[in-house]
Each structure stands twice: as structure tokens, then as C-alpha cells.
Amino acid sequence: MIQQPLNGCPCCGYRTGCTTCPVCVLNRCGHRDTDTGAVTGRPNGEVSLRDARRNFSIYRASHRRYRDVVRPSRSDELP
Ligand SMILES: [Zn+2]
């Protein structure tokens with residue numbers, strides 16, 4: 001079976017290919033790559049993609065409350 005390359009997460013950039021990214025716990029359905037400052041309200045609550053990226057650079061999670069939920073990225077998920 002040939003594995004297709006997965007899309008990169010708009011927050012952390014890792015190619016996890018999931019609806020909710022396990023590396024940063026961002027739900028992709030709430031964000032588009034273009035409107036980075038917009039707060040969509042759900043499913044990521046009050047966090048815009050811009051906030052999520054900043055949080056990821058600090059906490060390695062899209063929100064501080066997800067620090068204990070995220071898992072380390074794997075080498076095959078590198079952007
Ligand atoms: Zn992510």
C-alpha cells in the first residue's frame with residue numbers, strides 16, 4: 001500500500017493528518033490557514049490560529065490547557 005502524504009497542521013505544521021492534531025491538539029475544522037487572526041468560536045474556543053501558533057511555540061500545545069494531552073511529534077510527521 002502506498003501511503004499518501006498527509007496535510008500539515010495549520011498550527012504546528014506536522015503532518016498528522018487528523019481532524020484534531022495529536023501534536024498540538026488543534027481542531028482543524030475551526031481554522032483556515034488564511035484567517036490567522038480570526039477567532040472562530042468553536043471548536044477551538046477563544047483561540048485563533050495566530051494564538052494557537054504562539055501557544056505552540058511556548059507550550060508545544062495549541063492551548064496551555066492541552067500541555068498534558070499533546071504527544072511528541074514523530075520523525076515521519078515532520079513538515
Ligand atoms: Zn498541530
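What percentage of contacts in the protein chain between residues at least 6 apart in sequence join residues at least 24 apart? The value is 32%, where contact means heavy atoms within 4.5 Å.

## Basis of the description

This is a predicted model, in which local features need pLDDT of at least 70 and side-chain atom pairs count only at pLDDT 80 or more, while totals for chains, interfaces and linings use all residues. Residues are numbered from 1 along each chain as its sequence is written, and side-chain values use heavy atoms, with hydrogens and water left out.

## Overall composition

The secondary structure of the protein chain amounts to 1 helix and 0 strands. Helices (H or I, at least four residues) and strands (E, at least two) are DSSP runs, numbered from the N terminus.

Of the 79 residues in the protein chain, 38% are buried. Buried denotes under 20% relative accessible area, exposed over 50%, and partly exposed in between, with a 1.4 Å probe and protein chains only. The chain exposes about 5200 Å², and carbon and sulfur atoms supply 48% of that area. Accessible areas come from the Shrake-Rupley method with a 1.4 Å probe; for residues, only the protein chains shown count as cover.

## The zinc site

The zinc ion has as its protein donors the SG atoms of Cys 9, Cys 12, Cys 21 and Cys 24, at 2.3 to 2.4 Å. Donors are N, O and S atoms within 2.8 Å of the metal (3.2 Å for Na, K and Ca); water is not among the atoms, so sites may look incomplete. Along the sequence, the donor residues follow the spacing C-x2-C-x8-C-x2-C. Two of these residues are buried: Cys 21 has 1% relative accessibility, and Cys 24 has a relative accessible area of 0%.

The angles among the 4 donor atoms run from 103 to 118°, and the site is tetrahedral. Four donors count as tetrahedral if all angles lie between 85 and 135 degrees. The ideal angle for four tetrahedral donors is 109.5 degrees.

## The nonpolar core

The largest nonpolar core has 12 residues, including Cys 9, Cys 12, Cys 21 and Cys 24 together with Tyr 14, Leu 49, Ala 52 and Phe 56. Such a core is a set of buried Ala, Val, Leu, Ile, Met, Phe, Trp, Tyr and Cys residues joined through side-chain atoms within 4.5 Å.

Cys 11 is also one of the core residues. Apart from neighbours within four places in sequence, Cys 11 is in contact with Cys 24, Leu 26, Leu 49, Ala 52, Arg 53, Phe 56 and Ser 62.

## Salt bridges

The structure contains 4 salt bridges, each defined as a side-chain nitrogen of Lys or Arg within 4 Å of a carboxyl oxygen of Asp or Glu. One of them joins Asp 51 and Arg 54 at 3.2 Å, N to O. These two residues are separated by about one helical turn because they lie 3 residues apart in helix α1 (residues 49-59). Asp 51 is partly exposed at 22% relative accessibility, as is Arg 54 at 47%.

Arg 71, Arg 74, Asp 76 and Glu 77 are linked in a network of salt bridges. Within it, Glu 77 pairs with Arg 71 at 2.8 Å, N to O, and the closest N and O atoms of Asp 76 and Arg 74 are 3.3 Å apart. Glu 77 is buried at 3% relative accessibility, whereas Arg 71 is partly exposed at 26% and Arg 74 is partly exposed at 45%.

## Asn 7 before the helix

Asn 7 lies in the segment before α1 and is exposed, at 60% relative accessibility. Beyond its neighbours within four places in sequence, Asn 7 is in contact with Tyr 14, Arg 15, Thr 16, Gly 17 and Arg 28. Although Asn 7 and Glu 77 are 70 residues apart along the chain, their C-alpha atoms are separated by 9.7 Å.

Conventions: Four donors count as tetrahedral if all angles lie between 85 and 135 degrees; four count as square planar and six as octahedral if opposite donors are over 155 degrees apart and all others between 65 and 115; anything else is irregular.
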